[in-house]
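Have the sequence and the model open side by side for this one. We'll go from the overall layout down to single residues.

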Amino acid sequence: MSFHMPHLNYQHNRWQGKPAGEKLVWSGGLLALAMFLPVYPGCLFVLITAAALALLSARIGPKVYFCLLLYPMSFILLGALVTPLSLSLDGGLTLRFSALDPLKVLEPGLRSLSAFCSMILLPLTTPSADLLPFLNKILPEDLTELVVLTHRLIFVFCDTTEQMRQAQDARLGYCSMPSAYRSLSSLLAALLLRTLDRCRRLESGLSARGLGRSLCMLSQRQPCSPNAVASTVLLLALIAGLSLSWRGCL
Amino acid sequence: MHIAEGFLPVGHAVGWTAVSMPFFAHGIYRLRCVLRRYPNSRLLLATSAAFIFVLSALKLPSITGSSSHPTGVGLGTVLFGPSVMAPLGTMVLLFQALLLAHGGLTTLGANAFSMAIAGPCVASWVFGVSRKCRASLMVAAFLAGTMGDWATYLTTAAQLALAFPDAAGGFAGSFVKFGSVFAITQIPLAIVEGLVTALVVDLLISYSRPELVELSFIKEPPDEELADCNGSRSPDHCAPCHGP
């Protein structure tokens, strides 16, 4: 068993000082283009733009970036393997390759990859504290509070899980399948009890300090520059126009 | 396995979001009621959501040699009920998309329907029926965890089959194809998740009784009965409710 939590390096990228609203426009705009433009060449342009922004402009580490791509790639590969197979139920169960255009088979995968690269641009460059003002506008306060609390606890849980897993691994807890399941069950049970205890102590401590219902977070709120937003929208429109004209749609 | 970002056509993504929305809204209403009535349950709710997140981030060894992720909906449903699981599960899916690259924002509606609505509904129904059939809490939790997991993956297979119907077999052919691919890892994985859910429920009843009583998961027994529960008697003697 392995446990891996990717470290989104928003603290060490060149978009660190950029206002969250501008990054939201980039990420949301590219995501919308990935969903609505024709796959060839629209999604290719979006993919190249999103990757270039992350790797060259924001200077995200290539290792972090490509590690994040592994999971969606596995889903896309699975889809690409299953889609060309055709299952007929008439006259018994028969499985054969359908005569689909290979480029057609790759379409959902390419769209998915470009959409993913667009979406991941935001969490890779923006700390959650900067996104909270936007979250507050669309969700009730109680729920935002719960989201913030869960976000904090996730990292506490992850650290605890990693330490417990390493301790189990050192005692050969994952050397065989039965011992792996035993170790995992005990890890989860112990993890929940330990974190419940930690939460209880945290709640008591915060109540004793007179904490109200909401946790206040400091964030450097910067207003969006109209020029930067306009130039982003212009570039997105350029990508859309180029893709559509390439396809002869204009 | 959640549907990856952008994998569903726009119409399907919007459609599944629209289908999930009433459940999500009702869940938020229920969640606010729970938080208003039991303000201290805020941490337990957040702990449960974070626990589901970590559970789904863990890779479990499978008999095929590959590894896969459990869903974690069984435990949340057994503790909080299916209506609260809709916003809680959606929140977990959002964090999975943003922190682990599992799922996505455009497919959030579809993934929420399978993992935060269909899975918990089935898990809750199975848990209720099992308890009515006088199954012990451990057995009911095991069945809820297992069936909730299977329901989640069958719904995902149906969503993919609707989006990408088979050229010859149509929806049914595509559903069999996607279902078969998922079955290789999900059948053993769901059983493991059921076992883990049962174990965790048992441990919670033994060690975290105050939170469970506060959430109405179990009724507060009279003092002498509580003493018995903490002593020689099995925790199954304490009657469980069906969430807050």
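## Ground rules

This is a predicted model, where local features need pLDDT of at least 70, side-chain atom pairs count only at pLDDT 80 or more, and totals for chains, interfaces and linings use all residues. Residues are numbered from 1 along each chain as its sequence is written, chains are lettered from A and ligands numbered from 1 in the order in which they are written, and side-chain values use heavy atoms, with hydrogens and water left out.

## Chain B at a glance

Chain B has 9 helices and 2 strands (DSSP runs numbered from the N terminus: helices are H or I with at least four residues, strands are E with at least two). Along the sequence, the pattern reads α-α-β-β-α-α-α-α-α-α-α.

Of the 244 residues in chain B, 62% count as buried (under 20% relative accessible area, with exposed over 50% and partly exposed in between, using a 1.4 Å probe and protein chains only). Take the chain B contacts (heavy atoms within 4.5 Å) with a separation of 6 or more: residues 24 or more positions apart account for 69% of them.

## The nonpolar cores

In soluble globular proteins, nonpolar side chains tend to be buried together. A nonpolar core here is a set of buried Ala, Val, Leu, Ile, Met, Phe, Trp, Tyr and Cys residues joined through side-chain atoms within 4.5 Å. The largest one has 70 residues, and those with the most contacts inside it are A:Leu146, A:Leu188, B:Leu45, B:Phe51, B:Phe53 and B:Leu88. Helix 2 (residues 41-57) of chain B gives the most to this core, with 12 residues. Apart from it lies another core, of 37 residues, among them A:Leu31, A:Leu47, A:Ala50 and A:Met119.

Now click on B:Phe51: not counting residues up to four places away in sequence, B:Phe51 touches A:Phe157, A:Leu188, A:Leu191, A:Leu192, B:Leu75 and B:Val200.

## Two helix pairs

In chain A, helix 6 (residues 141-170) and helix 7 (residues 177-208) pack at an angle of about 140°, with their axes 10 Å apart (axes are lines fitted to C-alpha atoms, for helices over the stretch in contact, and angles run from 0 to 180 degrees between N-to-C directions). That makes helix 6 of chain A oblique to helix 7 of chain A (under 35 degrees is roughly parallel, over 145 roughly antiparallel, 65 to 115 roughly perpendicular, and the rest oblique). The contact of these helices has 8 nonpolar, 6 polar and 3 charged residues (Ala, Val, Leu, Ile, Met, Phe, Trp, Tyr, Cys and Pro count as nonpolar, Asp, Glu, Lys and Arg as charged, and the others, Gly among them, as polar).

Over in chain B, helix 3 (residues 73-80) and helix 5 (residues 108-132) pack at about 60°, with axes 9 Å apart. Helix 3 and helix 5 of chain B are therefore oblique to each other. The contact is made by B:Val73, B:Thr77 and B:Val78 of helix 3 and B:Met115, B:Gly119, B:Pro120, B:Ala123, B:Ser124 and B:Phe127 of helix 5. By class, that's 6 nonpolar, 3 polar and no charged residues.

B:Ser83 sits in helix 4 (residues 82-100) of chain B, and counts as buried at 18% relative accessibility. Leaving aside neighbours within four places in sequence, B:Ser83 is in contact with B:His26, B:Gly27 and B:Arg30.

B:Thr155 lies in helix 6 (residues 137-163) of chain B. At 14% relative accessibility, B:Thr155 counts as buried too. With the neighbours within four places set aside, B:Thr155 is in contact with B:Phe113, B:Ser114 and B:Ala118.
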